[in-house]
Every structure is written in C-alpha cells, then in structure tokens.
Amino acid sequence: MSDREPARLQALRQLSLLDTSPHESFDRIVRLASQLFNTPIAAISLADEHRQWFKSRIGIEQQGIARFKAPCAEIARSCKPLILPDLLKSEAYRDGPLVRSGLRFYAGAPLLTQEGVALGALCVAGLEPCEVSEAKRTALADLASMIMSQIELQHSLSRIDPFTGLPNRSQFTEDLQAKAKEEPSTLYCAFLTELVDSIEISTLHRVMGPNYLDDVERDAGFSLQRVLDPTSRLYAIGQCQFVHLVKATDEEGLLNEALRLRKQLIDLNSARIVTVLIHPVIGISPFRLGEAEPSDVLRTALSACQDARRAESGASIYSMSLDAGYQRRFALLNDIRPALQAGDQLRLVYQPRVEVKSGNCLGAEALLRWCHPVLGEISPAEFIPLIEHTPLARPLTDWMVHSAIEQSALWHYQGHTLRISINVSATCLGDEAFAQRLLALMEHHGLPKAALELELTESALLGKGCVARAQLQALIAAGIKIAIDDFGTGYSTLSYLQEVHAHVVKIDQSFIIGLCSEPRSQTLVKAMIGIAHELGYLVVAEGVENDETYQRLAQLECDEVQGYLIAKPLTPDEFQSWLAVGYPQARVE
Ligand code: C2E
Ligand code: CA
Ligand code: CA
C-alpha cells in the first residue's frame with residue numbers, strides 16, 4: 001500500500017458515496033462518455049480498499065469487481081489518465097480480467113478531489129482496439145471533472161441544514177477536526193443554543209403545526225448570526241439547536257456573552273414567532289481542540305443546557321459533577337434491560353397496610369427493588385421515572401405484575417385474605433392490552449379480583465387518553481379496586497373525584513409526616529378524609545411513622561394506615577413471619 005492510500009481511502013469514505021443508489025446526474029455523464037468513445041462499456045469506478053465499486057455503469061452487470069489488476073486502481077494510485085489502445089499489447093493487463101472478459105480497449109481519467117486525491121476513474125472500455133485523439137483525452141478529463149463537481153456539490157449540500165441554510169452537525173464535526181490540526185490544544189468553548197426544551201418540541205409540533213418550528217429556527221438562526229462575532233461560524237445541529245465556538249475566557253465573561261445572545265433571541269419580534277413559546281437556553285462546554293471528540297463536546301454542551309433549564313438561569317457552563325448525574329441516569333437506563341433478563345436483580349417487597357380500628361393487616365403494597373450489580377440498591381423513585389416513557393416500561397410492568405400476582409396467589413392458597421396493591425404508571429394504561437393481560441393472568445392463577453388493587457396517581461388517572469379510559473373501565477368492570485396514590489399532591493381541585501370512579505384514596509405521606517406538628521396538615525387531612533368519605537372512598541394514610549400520628553388518624557376516622565410504624569417494606573418471607581405475629585391489636589386508645 002502506498003503512503004497516500006490511507007488518506008485517499010479516508011477522503012473516499014468521507015464523501016459517503018460507496019454503496020449508494022444510482023443517480024441520474026452521474027448516469028448522464030457516463031452515457032455521454034460511452035457515446036463519445038462509441039464503446040459499449042463506461043463507468044464511474046471508485047477504488048475502495050479491495051474492490052472497484054461502480055457509482056454509475058453502462059454495459060457492466062456487477063456493481064463492483066476485485067481491485068486486483070484493474071486499470072482504474074492504477075489511476076487511483078497514479079492520479080494520471082491511463083489510455084490502453086490495445087489491451088493485448090499491454091504487459092500489465094494482457095493477462096488481466098478485462099482481456100479474459102473479451103475487452104481490447106480501455107481509457108480512464110482520474111476523479112481528482114480539490115486536494116489532488118484520486119477517488120477512482122471515469123472509464124470507457126471497448127471490444128476493439130482503439131486509438132484516442134488528443135481532443136478525446138481532453139473530453140474524457142473534462143467529463144471526469146464534471147463528475148467531481150457533481151460529487152462535491154452533493155457533498156456540500158449534505159453539510160447544509162435545509163431550513164436555515166447553515167452548516168450542519170457533520171460540517172461541525174469536520175471543521176472541529178480540521179481546527180484541531182491547525183491549533184492543537186487551544187482552549188475553546190462550544191456555545192450550544194437550544195431554543196425550545198426538547199420535551200416541548202412534539203407539543204409545539206402538534207399545537208402549532210410542522211412549519212412553525214422551521215420558521216422559528218430560520219428566524220433564530222438569522223438573528224443569532226447577526227449578533228455573533230463575524231469570524232464565528234454558526235451551525236444548526238438539531239431541531240432548534242445551534243452551536244458556535246468562542247475562544248475561552250473567564251466564566252463571568254462567557255456567561256455574560258451567553259446571556260447577551262439569549263436576550264437577542266427573546267427579543268426576536270418576527271411576525272411569525274409567538275415569542276412566549278420559545279424558552280432559549282445556552283449551554284457552554286469548555287474543551288481543548290484535539291483532546292475531545294466533537295460528539296462529546298456537543299453532549300457536554302447539551303448537558304449544560306439541561307442544567308440551565310433546571311436552574312432557570314438561561315445559561316450554564318458544563319459542570320462535571322452535574323454531568324455525573326446524567327451519566328448515572330444513562331447507565332441505569334442502559335442496565336435495566338439486562339436486569340430484567342438477569343432474574344436476580346429485581347424483586348418486590350411488600351409493605352403491610354392495617355385497618356386502624358382493629359389493627360388487622362388487610363393487605364400490602366408491592367414495591368419494586370433493584371439491586372444493581374455495581375451501583376447497589378436503586379430506589380424505584382429514581383429509575384421508574386427514567387424508563388416510564390421508554391419501550392422498557394412494558395416489560396418491566398409485565399415483570400412486576402407477574403411477580404405480584406404469583407405471590408398474591410401463593411398467599412391466597414395458603415389461606416390469607418389479603419389485598420395486594422400494585423403501582424401502575426400512566427404508560428401502562430396507555431397500553432391497549434394491559435387490562436386484558438392482567439385479568440387473564442389473575443384468571444390463570446385463580447386469583448379472586450378482590451385480591452388485587454391498582455394504585456394510580458392523580459395525573460395518571462386524569463391522563464384521559466381514550467385508551468387509558470377504556471383500560472380503567474375494563475378493570476373496574478371486572479371488579480378490580482383502584483386507589484388514587486399520592487392523593488393531595490397533584491391537582492388543586494378535587495372536583496375530578498366525581499369523574500374518576502376509583503375506590504380508595506391514599507393520602508400522600510407529605511401530609512401525614514407533619515400531622516401532629518403542623519396545624520395546617522391536620523386541617524387538610526381532616527378535610528380530605530371528610531370529602532373522600534362523603535364520596536364513598538376508603539381512606540388510607542401513607543407514611544405513618546409514630547404512634548401519635550396513628551392515634552390522630554384514628555380520631556379523624558381514617559380507615560387504614562401504612563408506614564414504618566407498622567412495618568417497613570418486607571421480603572415475602574419476612575412479610576409472612578410478620579403476619580404470623582400480627583400487628584398489636586386494638587391500637588386505638
Ligand atoms: P409510593 O407508591 O408513594 O410508595 C411509598 C413509598 O414510601 C415507598 O418508597 C415506601 O418505601 C415509602 N414509605 C413507606 N412507609 C414510609 C414511612 O413511614 N415513611 C417514609 N418516609 N417513607 C415510607 P419506595 O419503595 O422507594 O417507592 C417510591 C416510589 O416508587 C413509590 O411511591 C412508587 O411511586 C414508585 N414505585 C415503587 N414500586 C413501583 C412499581 O412496582 N411500579 C411503579 N410503577 N412504581 C413503583
Ligand atoms: Ca404507591
Ligand atoms: Ca404514595
């Protein structure tokens with residue numbers, strides 16, 4: 001391999017031409033070449049590592065041939081035209097595959113990039129020997145240059161964002177690599193401007209129509225460019241996301257510059273833009289040229305954007321420690337699938353619920369536990385929100401539902417009358433077959449409907465998709481009880497209680513923890529219990545940690561309690577032993 005071959009192959013690959021579909025603009029030039037030389041064969045032949053691949057071809061069946069002894073490969077090496085008027089008279093090619101396939105004539109011109117690298121050749125081949133005039137040589141070279149112009153035009157178009165006309169992410173990557181060669185190790189900052197929170201983008205699409213964001217993006221790009229340093233190049237790297245580079249200065253200077261740009265966007269007063277819907281933030285990622293991958297620069301700048309959104313600060317500089325949080329979330333999201341397959345990382349624990357009057361245990365709440373092989377115990381409060389909107393939500397729910405029903409059936413056949421409640425997220429209800437699968441599984445295990453209860457939060461109950469509504473109705477019709485979890489934390493109005501046909505309300509622990517010390521909590525809890533009872537709900541208080549709270553709840557006529565005072569969440573074996581001993585009866589003094 002020659003010294004220049006790796007660079008040549010890299011140039012070829014960067015143009016992303018290999019194994020792409022035919023294109024009329026290339027086929028047209030190849031037809032011209034074939035007519036000009038009056039040959040049955042003409043092709044644009046690209047010299048890949050071990051093969052000649054034809055971007056366009058006439059008179060050739062295969063899409064590619066081996067590179068060995070192919071004249072086009074020689075052209076790629078020499079970067080010079082190659083005319084072989086009679087192949088039989090050429091020492092190098094007399095025994096080659098062209099002659100074996102009946103060809104006698106070959107002429108090729110190199111496809112030269114602006115840097116002087118030959119990607120391959122435009123070639124023609126015929127069955128008879130043929131002398132080539134100077135004029136025809138020149139014409140062949142001209143056609144080869146036309147092909148290169150076409151290739152370079154297409155390439156540059158693929159580096160331009162069609163909506164803003166700005167260079168895109170691929171161009172950013174290329175420019176950063178080139179800059180790293182010119183100024184290695186120089187400290188720069190990437191400023192990533194995000195016009196709209198990515199979570200809001202689909203809502204905006206739905207509400208404002210698909211053209212809205214394109215217009216916003218174009219106007220914002222234009223406006224940003226106007227206020228940037230003229231030497232700065234602005235890139236459109238994603239929907240409503242721009243990036244540009246700034247020489248690193250002190251933190252204050254960087255943040256001031258970001259806020260200046262942000263103000264420009266907020267002040268945008270184009271007729272097309274409904275400014276209230278745009279919440280621009282700028283994430284700044286400092287890095288040394290050549291020492292960070294372009295994708296990492298963008299990732300860290302995006303992470304800074306999220307920090308800025310969270311802190312409502314408008315702009316933020318990438319912070320390693322905050323990023324650790326994202327890395328952890330990313331790792332958890334990646335590791336949940338293997339956890340589902342491993343079989344021993346996930347388990348359910350059961351937290352007893354007792355009747356206030358009698359102290360009898362009537363049931364338990366199934367709570368998920370994940371013991372991560374490296375990170376240890378992970379709280380469901382941390383990982384469930386992460387996967388709730390991913391395709392993993394369904395297998396995880398299935399696992400949890402299976403596991404809870406199996407356990408519940410076991411206890412049922414041992415003679416315990418318990419109601420096991422399981423936590424169901426809004427996404428489960430969006431799954432059309434959820435109710436059907438759950439009911440079939442209960443049937444399969446011979447579990448009575450009264451042995452199961454589903455806990456849903458207010459927002460999940462009010463998600464109100466028609467699929468969710470139908471699921472809920474089917475479950476209720478089958479006799480499954482529905483509990484409103486974290487009651488009191490979601491909606492400021494209680495009128496929805498009339499609409500939602502649930503059976504149980506579980507008052508959130510935030511009201512219960514301060515029940516005896518905060519008069520406001522007491523007033524609220526009293527009112528909640530009163531309203532819930534009037535509407536026919538059974539009331540459960542969560543987070544009961546001491547006897548005083550228990551007694552107060554008894555006075556307020558709360559029906560059931562759950563919390564560390566009764567028991568912490570227990571493994572099935574612990575729960576069974578706990579049941580045997582029971583909870584001290586007649587709690588109410
Ligand atoms: P949640 O449904 O409100 O569950 C009650 C949480 O309070 C549990 O935390 C429980 O361990 C904790 N807790 C119980 N008694 C006390 C107490 O006396 N004092 C205090 N301070 N805390 C108490 P956990 O198990 O970490 O679960 C957190 C949340 O994760 C749950 O809140 C629930 O929303 C969700 N979750 C748990 N398991 C599942 C599941 O299987 N599926 C779904 N979708 N969500 C689940
Ligand atoms: Ca719950
Ligand atoms: Ca709860």
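Is tryptophan 370 buried or exposed, and what is its relative accessible area? Tryptophan 370 is buried, at 0% relative accessible area; buried means under 20%, exposed over 50% and partly exposed in between, with a 1.4 Å probe and protein chains only.

The model is predicted, so local features need pLDDT of at least 70 and side-chain atom pairs pLDDT 80 or more, while totals for chains, interfaces and linings use all residues. Residues are numbered from 1 along each chain as its sequence is written, chains are lettered from A and ligands numbered from 1 in the order in which they are written, and side-chain values use heavy atoms, without hydrogens and water.

**View 1. Phenylalanine 172 and tyrosine 235 form an aromatic pair.** The whole structure holds 6 aromatic pairs. Rings of Phe, Tyr and Trp (its six-membered ring) pair if their centres lie within 6.5 Å; planes under 30 degrees apart count as stacked, over 60 as edge-to-face and the rest as tilted. This pair is edge-to-face, with 5.1 Å from centre to centre and 80° between the planes. It links distant parts of the chain, 63 residues apart: phenylalanine 172 belongs to helix α6 (residues 169–182) and tyrosine 235 to strand β8 (residues 235–238). Helices (H or I, at least four residues) and strands (E, at least two) are DSSP runs, numbered from the N terminus. Phenylalanine 172 is buried, at 1% relative accessible area, and tyrosine 235 is buried at 5%.

**View 2. Tryptophan 370 pairs with phenylalanine 383.** The ring centres are 5.2 Å apart and the planes stand at 85°, so the pair is edge-to-face. Tryptophan 370 lies in strand β13 (residues 361–372) and phenylalanine 383 in helix α12 (residues 380–387), 13 residues apart. Phenylalanine 383 counts as buried, at 1% relative accessibility.

**View 3. Two lysines lie over the faces of rings.** Lysine 136 is 5.6 Å from the ring centre of phenylalanine 37. Lysine 568 is 4.8 Å from the ring centre of tyrosine 564. A charge sits over a ring if NZ of Lys or CZ of Arg is within 6 Å of the ring centre and within 35 degrees of the ring normal.

**View 4. Asp485, Asp486 and Glu542 coordinate the calcium ion (ligand 3).** The donors are at 2.2 to 2.7 Å, and their spacing along the chain is D-D-x55-E. Donors are N, O and S atoms within 2.8 Å of the metal (3.2 Å for Na, K and Ca); water is not among the atoms, so sites may look incomplete. Aspartate 485 bridges this ion and the calcium ion (ligand 2), which lie 3.8 Å apart. Aspartate 485 is buried, at 7% relative accessibility, whereas aspartate 486 is partly exposed, at 25%.

**View 5. The largest nonpolar core has 81 residues.** A nonpolar core is a set of buried Ala, Val, Leu, Ile, Met, Phe, Trp, Tyr and Cys residues joined through side-chain atoms within 4.5 Å. Ile422, Leu438 and Phe575 have the most contacts inside this core. Helix α13 (residues 393–413) gives the largest share, 7 residues.

**View 6. Strand β15 (residues 419–423) pairs with β13 in the parallel sense.** Two strands pair if DSSP finds at least two bridges between them; here there are 4 bridges. Glycine 363 has arginine 419 in β15 as its bridge partner. β15 also pairs with strand β16 (residues 452–457), in the parallel sense over 4 bridges. Asparagine 423 stands opposite glutamate 455 in β16.
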